[in-house]
Amino acid sequence: MSNYSLEQALAFGASALNTTSESPKLDAEVLLLATINQSRTYLFTWPEKELTDDQQSHFIAAIEKRKLGKPVAHITQCREFWSLNFKVSPATLIPRPDTETLVELALTKATEKTGKLLDLGTGTGAIALSLASELVNWQVTAVDFKPEAVELATENKHALQIENAEILQSDWFNALSDSQFDIIVSNPPYIDPQDPHLQQGDVRFEPLSALVAKKQGMADIEHIIKASRKYLKAKGWLLIEHGYDQGQLVRDFFAKMAYKVITTEKDLGGNDRVTLAKWDPD
């Protein structure tokens, strides 16, 4: 019996994932493309091409992993973000499309030709390296508490050949001494430890330390807002990603800490996602 054609493999994968995935056809397509190391165009230009024995075994194994709930990005070990390919691992969060909102907003505040930008809790480095790729004359610093995350972000930096970024191990600001920045961005842990969504979908496979925070998800956000005042230049901007229902809480805390020009922006799904404010002590 011959091996699956690409068309047959796609149909098999989509059918196998039909009851366990919210996007079975897309998942099967991504896993098949990773297996054959080809573009989407190739997949639909040559639907009759047969998989090799190794490719078929690899693809079926990948589908089985996905059936058990393992995230597609963990199976392929990569995820596209801001049109860049990032290596991912279970040690960090998988970059999500909604976080591109944070990148877009940060770019609107980077109005000078040169400057300094800090990314707190960088994980894969997706936010920092995406911004560094756009702001080639800026110096970008990215920090993470976990050595595995620092190693992964550094690997992504080298793979993407980005020169204007520095990745450091730091518990938030601890390793930054007296540095000051024009812009600080962060996608910190912001989920309430009791949130039932933590037991659903891909989130089950991601590190809790990167997801949850005390005080109903607000502890790290409040720490960053309070501490950033020391590390922001006058008229510098702080941008924080947060949960869809935390916009008012974040705005209120920014106001309590004497920030100005406080606004919340929505993500691709129309949910409150990023709140930004200016530090202008004068």
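**A mixed open sheet and its packing helix**

In the predicted model, 7 strands form an open sheet of mixed pairing, arranged in the order β5-β4-β3-β6-β7-β9-β8, where strands are DSSP runs of E of at least two residues, and helices are runs of H or I of at least four, both numbered from the N terminus, and where two strands are taken to pair if DSSP finds at least two bridges between them. From one strand to the next, the twist averages 15°, with axes being lines fitted to C-alpha atoms (for helices over the stretch in contact) and angles running from 0 to 180 degrees between N-to-C directions. Residues are numbered from 1 along each chain as its sequence is written. Because the model is predicted, local features need pLDDT of at least 70.

Strand β4 (residues 139–144) runs parallel to β5 and is joined to it by 5 bridges, with Val143 having Leu168 of β5 as its bridge partner. Helix α6 (residues 100–109) packs on the sheet, touching β6 (181–186), β7 (232–241), β8 and β9 (272–279), and its direction makes about 165° with that of β7; contact here means heavy atoms within 4.5 Å.

Of the 6 residues of β6, 5 are buried, so this strand is largely enclosed by the rest of the structure; buried denotes under 20% relative accessible area (1.4 Å probe, protein chains only). Strand β3 (residues 116–120) is joined to β6 in parallel by 4 bridges, Leu118 standing opposite Ile184, while β6 and β7 pair in the parallel sense over 5 bridges, with Phe181 opposite Leu232.

Conventions
This is a predicted model: local features need pLDDT of at least 70, side-chain atom pairs count only at pLDDT 80 or more; totals for chains, interfaces and linings use all residues. Side-chain values use heavy atoms; hydrogens and water are left out. Buried means under 20% relative accessible area, exposed over 50%, partly exposed in between (1.4 Å probe, protein chains only).
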